Every structure is written in structure tokens, then in C-alpha cells.
Amino acid sequence: RHEPPHKLSYENDKYINDHIESFHPAISHYRREHAPLRRYLPPELTIKEMHDDFRLKHPGIASYETYRKHVSDMNIGFAKLGEEECELCIQFERH
């Protein structure tokens, strides 16, 4: 089989993933029972703002849709995280 002509190279894939990680998505203590592998960014931030910043740093690498798919594939959502602490954090503070 031939590789699709529009497929991103490994380097470009890494640029996108590194840029998304630069926003420091966090695991929610409150929601981890329902979605333990999901990470969250603040709701004030949007994918459009992230993509605009990415385009300034790396012009012409990825379209908005490609960037959005990477965010989705990395299982990152946008929500205000609760102030509650998980059992491990509470135990850590006690000892």
C-alpha cells in the first residue's frame, strides 16, 4: 500500500503534540472515576486560539481540522476542574 500524500510526517506530528502539551492539560481529581484517562484544559481556552498560536510558531504545517483531531485523539477536553482532592492527595497530606 502507498502512504497517503497528505499524511503528516513524524516531525510535524510531534510539533503538534508538543504544542498541545505546552498548555499543560491536567487530570481532574473529581472526574477521574468516570474518565480516568481524560485530561482537561481551562474552558476559557479554545482550540481555535491554540491553533492560531501554533500557526504563528509553525506556519503551514497543519490545518485547523488536523489540529482539532490531534486534541481529540489525545483525549483532552475543556472544563473547569473541581476543587476536590482525590483520596491519594488527602492521604499524602496526612502523612
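User: Which residues are buried in H3?

Analyst: Some ground rules come first. This is a predicted model, so local features need pLDDT of at least 70 and side-chain atom pairs count only at pLDDT 80 or more, while totals for chains, interfaces and linings use all residues. Residues are numbered from 1 along each chain as its sequence is written, and side-chain values use heavy atoms, with hydrogens and water left out. Helices (H or I, at least four residues) and strands (E, at least two) are DSSP runs, numbered from the N terminus. Buried means under 20% relative accessible area, exposed over 50%, and partly exposed in between, with a 1.4 Å probe and protein chains only. On that basis, Tyr67, His70 and Val71 are the buried residues in H3.

User: What about H2: which of its residues are buried?

Analyst: Helix H2 (residues 47–57) buries Ile47, Met50, His51 and Phe54. Looking down the axis of H2, these fall within an arc of 95 degrees, so they line one face of the helix. Their cover includes H1, strand S2 (39–41), H3 and strand S3 (76–78).

User: At what angle do H1 and H3 pack?

Analyst: Axes are lines fitted to C-alpha atoms, for helices over the stretch in contact, and angles run from 0 to 180 degrees between N-to-C directions. Helix H1 (residues 10–21) packs on helix H3 (residues 64–73) at about 60 degrees, with the axes 10 Å apart. H1 and H3 are therefore oblique to each other: under 35 degrees is roughly parallel, over 145 roughly antiparallel, 65 to 115 roughly perpendicular, and the rest oblique. On H1, the contact uses Asp13, Ile16, Asn17, His19 and Ile20, and on H3 it uses Thr66, Tyr67, His70 and Val71. By class, that's four nonpolar, four polar and one charged. Ala, Val, Leu, Ile, Met, Phe, Trp, Tyr, Cys and Pro count as nonpolar, Asp, Glu, Lys and Arg as charged, and the others, Gly among them, as polar.

User: And where do H2 and H3 meet?

Analyst: Their axes come within 10 Å and cross at roughly 115 degrees. Ile47, Lys48, Met50, His51 and Phe54 in H2 touch Tyr64, Tyr67, Arg68 and Val71 in H3. This contact has six nonpolar, one polar and two charged residues.

User: Now the backbone. Which residue with a positive phi follows H3?

Analyst: Most residues other than glycine have a negative phi. Asn75 follows H3 with a positive phi, near 60 degrees, and counts as partly exposed at 28% relative accessibility. His24 has a positive phi too, about 55 degrees, although it is not a glycine. His24 is in the loop between H1 and strand S1 (26–27) and is exposed, with a relative accessible area of 64%.

User: What does Met74 touch?

Analyst: Leaving out residues up to four places away in sequence, Met74 touches Asn17, Ile20, Glu21 and Arg39. Met74 lies in the loop between H3 and S3 and is buried, at 18% relative accessible area. Its C-alpha atom is 9.0 Å from that of Ile20, 54 residues apart along the chain.

Note on methods:
Contact means heavy atoms within 4.5 Å. The arc is that of the directions from the helix axis to the C-beta atoms.
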